[in-house]
There are 4 protein chains.
Amino acid sequence: MRSLGIALLGYGGIGRVHALGYRAIPFHYGLPADAVRLVGVATRHPQTAERAAAEIGCPVWTTDYRQLLARDDVDAIDCCLPNDQHEEVVVAAAAAGKHIYCEKPLAAGVDAARRMVAAVQEAGVLTQMTFNYRFFPALLQAKQLVDQGFLGRVFSFYGRYYRSSYTDPQKPLTWRLRKDASGGGALFDLGSHVLDLVYWLLGDFAAVNATLETLVKERPLAPGSAEMGQVDVDDLALLQLRMAGGSLGTVESTRFATGAVNDLLLEVYGERGSLRFSLGDPAWLEVYDAGDTTLRGFRKVETVQRYAGQKAPDWTAMPGFVRTHTECQYQFLRAIWDDQAASPSLADGLAVQEVMDAACRSAATGKWVAIDAPDVNPETSP
Amino acid sequence: MRSLGIALLGYGGIGRVHALGYRAIPFHYGLPADAVRLVGVATRHPQTAERAAAEIGCPVWTTDYRQLLARDDVDAIDCCLPNDQHEEVVVAAAAAGKHIYCEKPLAAGVDAARRMVAAVQEAGVLTQMTFNYRFFPALLQAKQLVDQGFLGRVFSFYGRYYRSSYTDPQKPLTWRLRKDASGGGALFDLGSHVLDLVYWLLGDFAAVNATLETLVKERPLAPGSAEMGQVDVDDLALLQLRMAGGSLGTVESTRFATGAVNDLLLEVYGERGSLRFSLGDPAWLEVYDAGDTTLRGFRKVETVQRYAGQKAPDWTAMPGFVRTHTECQYQFLRAIWDDQAASPSLADGLAVQEVMDAACRSAATGKWVAIDAPDVNPETSP
Amino acid sequence: MRSLGIALLGYGGIGRVHALGYRAIPFHYGLPADAVRLVGVATRHPQTAERAAAEIGCPVWTTDYRQLLARDDVDAIDCCLPNDQHEEVVVAAAAAGKHIYCEKPLAAGVDAARRMVAAVQEAGVLTQMTFNYRFFPALLQAKQLVDQGFLGRVFSFYGRYYRSSYTDPQKPLTWRLRKDASGGGALFDLGSHVLDLVYWLLGDFAAVNATLETLVKERPLAPGSAEMGQVDVDDLALLQLRMAGGSLGTVESTRFATGAVNDLLLEVYGERGSLRFSLGDPAWLEVYDAGDTTLRGFRKVETVQRYAGQKAPDWTAMPGFVRTHTECQYQFLRAIWDDQAASPSLADGLAVQEVMDAACRSAATGKWVAIDAPDVNPETSP
Amino acid sequence: MRSLGIALLGYGGIGRVHALGYRAIPFHYGLPADAVRLVGVATRHPQTAERAAAEIGCPVWTTDYRQLLARDDVDAIDCCLPNDQHEEVVVAAAAAGKHIYCEKPLAAGVDAARRMVAAVQEAGVLTQMTFNYRFFPALLQAKQLVDQGFLGRVFSFYGRYYRSSYTDPQKPLTWRLRKDASGGGALFDLGSHVLDLVYWLLGDFAAVNATLETLVKERPLAPGSAEMGQVDVDDLALLQLRMAGGSLGTVESTRFATGAVNDLLLEVYGERGSLRFSLGDPAWLEVYDAGDTTLRGFRKVETVQRYAGQKAPDWTAMPGFVRTHTECQYQFLRAIWDDQAASPSLADGLAVQEVMDAACRSAATGKWVAIDAPDVNPETSP
């Protein structure tokens with residue numbers, strides 16, 4: 001198993017989590033410490049890049065990510081940049097033959113996302129999205145049950161992601177609140193996680209009926225500034241979704257749920273059983289088996305230490321947020337080692353991008369909008 | 001305080017609950033046993049009427065409700081009939097000068113509902129809807145907080161009522177599954193409760209964007225019958241709602257949430273605070289006070305034995321379903337004794353009927369439908 | 001089925017609950033209204049007795065309970081008096097050939113309790129204790145599982161009853177705080193409920209190791225009074241218990257659990273499975289089946305509308321406190337109608353009294369105290 | 001801030017967690033990667049030592065821990081060996097002038113523990129116990145509230161640690177089941193965590209009344225072996241505890257709570273407020289403020305991202321098990337850098353050892369046993 005070199009592009013909060021994830025992999029999967037090498041880091045400013053390299057303990061830092069793409073000892077890049085910068089670096093990395101690990105959402109707009117998938121497909125590199133929530137053991141268990149037909153016909157589903165991060169109207173107009181940089185608001189930042197889980201568990205989207213709302217329409221351009229700018233993304237997104245498989249459901253995301261810390265729910269109701277997951281209690285999957293008529297009730301299923309891979313130190317009821325990233329990253333490296341398609345891939349990221357784009361069009365017109373299945377060649381799908 | 005005579009019209013499951021409620025009132029409010037008299041009961045068949053009278057311990061039974069309307073010792077009627085029979089008896093009772101207590105929803109259709117409100121308004125009788133869920137102490141506490149401005153500007157809300165009562169496709173086509181008799185399905189039966197709570201707490205509805213779905217489209221006409229009939233009501237109703245006050249939210253109701261027993265949730269998120277209620281844990285209101293920055297978190301507020309009226313035997317953490325009916329009925333009697341408007345009135349029932357009717361039209365067209373505030377004269381509003 | 005006449009002895013808060021329970025029985029069990037008659041009520045003061053009779057709607061009131069015992073139309077008495085008055089009325093009622101329904105604990109002292117059981121045994125009347133918590137559907141389900149051998153060998157158990165009713169040191173020295181009147185404090189008032197549940201599910205007690213603590217040692221003799229009296233009962237009781245069947249466990253009761261409203265827990269852990277019940281969520285029994293190794297987890301079992309008797313209006317997830325009394329009372333009446341032993345009987349009340357007495361002796365000596373199985377003749381056990 | 005060199009003694013499951021913790025520190029606290037160096041690892045067998053060194057990425061491995069003590073580039077040792085091997089290595093490390101980080105419980109017996117504390121005290125090295133549960137943000141918040149007098153007089157407390165790890169009677173007789181190697185069973189392994197939390201929050205123990213039970217008395221000497229050995233440690237430990245500060249409580253630990261995964265509870269009830277923590281929901285502290293009489297109820301306080309140190313990637317509601325170790329280790333390193341006493345120290349470990357020893361003596365005699373405060377010189381306390 002050859003040693004893999006990673007270049008980190010971007011080192012904000014989430015970049016730091018990824019860096020820690022790579023360092024944790026040997027301990028969770030029983031690998032030699034040099035199975036994965038952090039070769040270098042690129043950020044916009046020299047000071048932050050240098051400090052990042054010291055923290056990571058990697059030899060190289062730069063403000064020009066192309067220097068990292070040019071290195072032979074870099075096998076893959078990890079993109080933790082703002083949404084609107086994903087396209088450039090992903091396309092360049094694909095052209096350089098580097099495998100690609102990319103934070104969600106895939107891009108700030110669906111056109112960019114399509115170009116990115118086309119580029120990686122053409123280059124034939126392996127790709128993976130940071131849809132880390134898929135890797136909670138409880139959700140891995142859910143996926144297994146769904147794939148085994150446990151639910152039977154799916155009647156309906158419900159998903160939410162509520163946070164309260166923007167209720168303060170004095171919070172300034174950062175890139176997450178500007179459509180050109182982020183592509184969208186609560187829908188893109190939070191909803192993308194839930195939409196990916198729905199897509200992963202229930203398959204392709206067929207149509208969406210969405211309402212988007214901006215609750216605070218103007219914000220200071222900078223902290224404490226009197227100069228105000230227009231917020232052009234949603235603070236609250238309500239989606240009704242019809243799946244290609246026939247089921248119907250609701251997905252909500254908001255950054256204005258006062259008091260909510262990190263309130264993600266996913267529930268699926270089927271003819272043979274039902275599943276419920278809550279990020280507030282992430283070690284468990286609630287499972288209802290309609291066939292079990294003697295002692296009827298939702299079972300709070302133990303899913304701890306049930307990662308797909310090797311047994312890990314998280315044997316207790318507390319898998320933690322960092323751990324889901326570590327697993328997501330490990331699956332990417334595993335795919336490279338095994339030279340097999342990674343999952344969730346950038347094509348999966350595009351599927352989520354398509355439904356978010358359709359939701360924006362639905363909200364603009366007040367009508368249902370149909371969603372075509374992404375036009376990707378499954379043979380060569382990255 | 002004069003003794004009030006009640007005539008029960010209908011004696012199915014819910015009629016029995018009402019009868020027990022009247023019998024329980026003296027114990028809960030410290031009244032003489034004859035403060036409320038159950039004068040008589042009317043049902044369709046003589047046998048059921050006679051058995052009902054024996055169980056209730058009332059002297060009179062009949063299959064013709066008009067005999068009860070003709071009695072001087074009847075002050076009020078209590079209507080527990082199927083939805084499509086409400087109009088006839090309510091209009092007749094109003095004409096007979098009887099006060100009216102009526103199960104929800106008000107009618108099978110909005111036109112009937114409008115005629116009923118006009119009739120009771122003209123007759124000047126007191127009226128009350130059985131929106132019993134309002135009378136959980138936790139929700140009385142919620143109302144008080146909302147009225148005190150605890151929430152500030154309301155950002156959004158979420159309500160659901162999930163049950164699993166119709167997942168069996170062999171369950172026959174009862175009146176609840178026929179639009180002519182019931183007016184609607186999950187929306188009318190379950191959604192009406194949640195819509196009333198939203199209306200009560202947040203005021204008038206402005207517009208609705210609804211999707212209705214019939215999940216099992218044909219059912220046996222009778223248990224075990226091979227003859228099938230068309231289900232023409234919804235099994236699943238997804239509503240996006242905009243309130244006149246500016247807030248936006250989702251209300252869902254389904255009879256196909258496999259494993260759900262009685263899963264009603266109501267959550268309201270405002271700039272100054274938030275509220276959460278769950279029928280699965282009905283003795284508590286979860287309250288978040290955004291102004292409290294030292295120990296931030298949802299508080300599980302004790303609301304037991306906090307009925308508006310006199311202290312009652314329900315001093316423990318278990319108010320129970322029957323108790324909410326008893327309180328709702330007591331408020332009606334109280335209004336008669338005090339000669340003041342009762343609440344929730346039939347006009348409130350009409351407000352819920354209007355939004356349900358608009359939801360049906362929205363679902364048929366796939367568009368948002370505006371809702372006019374009910375055109376009732378507040379001076380003489382029943 | 002002959003009509004049964006009941007005499008109520010005592011009409012405080014719990015007497016009122018019992019009266020309502022009798023009135024509710026016809027509706028819950030489909031019986032004629034006169035299946036149970038409330039003949040009369042006796043209290044200490046004429047005014048309270050007269051007001052009670054008006055509220056109950058019964059013809060007779062008195063300050064001398066013997067007048068009620070003398071009546072032929074009284075089949076049974078219901079004793080809701082303070083603990084130290086139980087013996088006199090129960091012994092007198094037995095002598096008068098009346099069946100006996102008695103609030104817990106059976107007596108203020110174990111000697112009185114033994115005499116009472118001897119008296120009812122000799123008289124051959126039917127008796128029942130108000131251990132109403134047994135009649136939560138969730139606990140009826142637990143009993144059924146235990147009796148079916150679901151748990152296998154029982155390893156351990158845990159029970160608690162926490163309330164916060166006496167944390168205010170200015171709360172005066174009522175009869176519940178005086179040993180001569182109550183027999184004990186948190187142990188007798190709250191612990192007796194848990195001990196009965198343990199006894200019912202797991203059988204006879206073998207030994208107890210108890211610590212009792214009085215947290216507020218002096219209280220005003222009357223509200224606001226400067227004159228103080230000694231509290232000679234426990235505010236907090238910690239028990240380690242060994243059962244005749246071999247299992248070991250803890251039972252705690254306190255009236256000083258600040259913030260606890262009505263926090264009763266019962267958990268039993270066995271080799272084949274486990275059970276958990278919480279009064280804060282009383283519609284559910286949590287069940288773990290160790291034999292189910294595919295989806296391991298506690299199941300939150302639906303127990304609503306699962307009363308042993310006829311289907312009742314409590315079809316929702318909210319059985320309520322009053323409902324458990326109604327069921328307990330119904331089982332007593334059922335026993336009279338069927339002329340069969342009632343359960344829980346006064347002999348069961350004595351078993352609880354014996355363990356409480358042993359706990360007091362253990363606390364006084366700091367040692368384990370063995371408990372003899374109550375010496376009652378099972379042939380003639382009341 | 002000088003770079004610190006660590007030697008790992010032992011590399012089982014918990015040693016791996018510690019190693020990962022050291023690697024994670026730079027990312028959580030914004031330190032250079034070489035702020036902490038993993039110099040070497042010692043295990044019993046050469047193969048495991050070599051593999052550990054490869055996984056850790058450290059240059060040195062050995063089967064003789066003294067080689068690590070002899071190195072100048074080792075500043076501290078981290079002891080993850082079985083309980084009965086702690087004394088030898090800790091005393092040797094102290095003699096070599098190394099700072100000491102030690103897994104709990106401190107020793108297999110109280111005499112060894114006392115000698116260890118004497119040795120480190122004499123050597124003047126800094127020491128820290130792995131009482132990692134203290135470092136859940138929720139418990140750090142609890143400690144702060146207790147220290148601020150939030151509870152007022154403490155009435156009582158309750159703690160448990162339930163697991164189900166030994167219910168299988170075929171599980172062989174490992175070192176954790178032999179008193180000579182482990183010192184005790186559920187009490188030492190699980191109870192020690194809870195006892196440390198009680199000690200940390202409420203101060204010195206005064207006396208204990210304990211019952212210890214071995215539920216499976218014989219086990220195979222090896223997996224599948226027919227040869228059986230005697231289990232001489234407890235499977236279940238029930239403790240009643242009296243604190244020097246006057247409060248009274250229960251602490252339970254068991255490895256036979258069928259269905260329990262990792263069920264640690266801690267509750268403290270005081271005159272002014274109460275606190276509740278559950279390891280099953282570790283991101284929250286439930287707080288009841290008795291002074292807040294308008295909206296009474298337990299508040300589920302957000303404690304995420306509230307570590308005492310620098311802000312960390314765990315900003316979501318999922319701090320995770322590994323994270324608590326990382327924080328505990330960081331506090332140790334911080335103490336070395338600042339040349340200040342570390343906490344929890346080995347003297348704190350001794351306090352827990354003393355109460356466990358007293359519990360064993362209490363269980364043997366069936367009586368309360370008084371506990372002397374550990375005789376350590378606070379001036380030089382390690």
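Trainee: What share of the interface residues of chain A are also interface residues in chain B, and what follows for how the copies meet?

Mentor: The share is 100%, so these two copies meet through the same surface. Bear in mind that this is a predicted model, in which local features need pLDDT of at least 70 and side-chain atom pairs count only at pLDDT 80 or more, while totals for chains, interfaces and linings use all residues. As for bookkeeping, residues are numbered from 1 along each chain as its sequence is written, chains are lettered from A and ligands numbered from 1 in the order written, and side-chain values use heavy atoms, without hydrogens and water.

Trainee: What rotation superposes chain A on chain B?

Mentor: Two copies of a chain are related by a rotation about an axis and a shift along it. For chain A on chain B, the rotation is 180° with 0.0 Å of shift along the axis, at an RMSD of 0.0 Å. A:Lys367 has the C-alpha of chain A nearest that axis, 2.9 Å away.

Trainee: How many residues are in contact between chain A and chain B, and how much area is buried?

Mentor: Contact means heavy atoms within 4.5 Å, and buried area is the accessible area (1.4 Å probe) that two parts lose on being put together, summed over both. Here 41 residues of chain A touch 41 residues of chain B. They bury about 3,100 Å², with 52% of it from carbon and sulfur atoms. On the chain A side, A:Phe155, A:Gln240 and A:Thr258 lose the most area, together 19% of what that side buries.

Trainee: How many salt bridges and polar contacts are there between chain A and chain B?

Mentor: A salt bridge puts a side-chain nitrogen of Lys or Arg within 4 Å of a carboxyl oxygen of Asp or Glu. The rule finds six across this interface.

Trainee: What does the contact between chain A and chain D look like in numbers?

Mentor: Each of the two chains brings 40 residues. Together they bury about 3,200 Å², and 73% of that is on carbon and sulfur atoms. The salt-bridge count is zero, and four residue pairs are in polar contact, both residues at pLDDT 80 or more.

Trainee: How far does the predictor trust this?

Mentor: For the complex, the predictor gives an ipTM of 0.93 and a pTM of 0.95. Per residue, look at pLDDT, the predictor's confidence from 0 to 100. Chain A has a mean of 93, and 93% of its residues reach 70 or more. Residues 376–382 of chain A fall below 50, and that stretch has 15 contacts in the model beyond near neighbours in sequence.

How values were computed
A polar contact is a pair of N or O atoms within 3.5 Å; within protein, one must be able to donate a hydrogen and the other to accept it, and residues adjacent in sequence count only if both atoms are side-chain atoms. Copies are superposed by least squares on the C-alpha atoms of residues with pLDDT of at least 70 in both.
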